Amino acid sequence: MNPQAPVRAADDAWLTAVYYRFHAWSGGRPFWAGLFTLIGGIPIAYFPYADLRLGNVTIAMATTAGAGSLIIGVLLITLGLALWFQQGIRVFAGVASILLALVSLPVSNLGGFFLGFLFALVGGALALSWAPGKADGAQGDAAAAKAQAYGGGPLGVPGPRDTETDTAHATETTAHADGGRNSAG
């Protein structure tokens with residue numbers, strides 16, 4: 001095999017094709033934020049219902065707020081999945097993940113023994129800090145041209161609009177100043 005030979009898509013192994021597809025899918029969304037949030041919900045929901053058996057001795061870690069910790073864990077798992085499939089709610093999901101992680105400290109065995117708390121906290125912070133990437137190449141040029149045409153000014157800043165009345169006779173004291181709008185609304 002020549003390492004300098006061009007590689008065709010048909011020559012790739014199926015595992016490589018799956019990797020590239022997954023990389024393309026996860027690159028356009030807050031993947032790591034969703035993963036950390038989802039992983040954070042699992043110990044928060046699991047530990048209040050878990051039993052540890054040591055020989056004949058059973059240690060139950062159940063709390064009186066087992067239902068509350070189950071709700072928090074399920075909500076964190078749902079927010080993690082929502083971050084993967086609905087990128088528009090990333091700010092809401094980030095804030096909600098952080099708040100649920102903080103509430104899990106007193107409710108759910110110290111937030112799943114700090115494990116779920118830390119994962120949910122990092123996932124919420126990643127969701128808040130994630131921003132969609134910019135379009136590259138021709139798509140970016142087409143979007144910039146459309147914004148320039150729509151905005152009328154540089155950087156998409158709208159230009160002055162035409163008014164229905166004759167602006168040559170309008171003064172600052174008339175009702176027609178500033179396109180008929182007043183400062184109250």
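Which hand does the crossing of α2 and α6 have? The crossing is left-handed, meaning that the near helix is turned anticlockwise from the far one by less than a right angle. This is a predicted model: local features need pLDDT of at least 70, side-chain atom pairs count only at pLDDT 80 or more, and totals for chains, interfaces and linings use all residues. Residues are numbered from 1 along each chain, and side-chain values use heavy atoms, without hydrogens and water.

**Confidence**
- The chain has an average pLDDT (the predictor's confidence in each residue, from 0 to 100) of 77, and 63% of the residues score at least 70.
- Among the elements of the chain, α6 has the highest mean pLDDT (94) and helix α7 (residues 137-151) the lowest (58).
- Where pLDDT is low, the predicted coordinates should not be read in detail.

**α2 against α6**
- The axes of helix α2 (residues 31-46) and helix α6 (residues 115-129) come within 7 Å and cross at roughly 155 degrees.
- The two helices are therefore roughly antiparallel (angles over 145 degrees).
- Contact means heavy atoms within 4.5 Å; residues of α2 that meet α6 include Trp-32, Phe-36 and Ile-39.
- The residues of this contact divide into 13 nonpolar, five polar and no charged.

**α4 against α6**
- Helix α4 (residues 90-107) packs with α6 at an angle of about 160 degrees, with the axes 7 Å apart.
- That makes α4 roughly antiparallel to α6.
- α4 passes α6 in a left-handed crossing.
- Arg-90, Val-91 and Leu-105 are among the α4 residues in this contact, and Phe-117 and Leu-128 are among those of α6.
- By class, the contact has twelve nonpolar, four polar and one charged residues.

Terms used:
Axes fitted to C-alpha atoms, helices over the stretch in contact; angles between N-to-C directions. Helix = DSSP H or I, 4+ residues; strand = E, 2+ residues; numbered from the N terminus. Parallel < 35°, antiparallel > 145°, perpendicular 65-115°, else oblique. Nonpolar A, V, L, I, M, F, W, Y, C, P; charged D, E, K, R; others polar.
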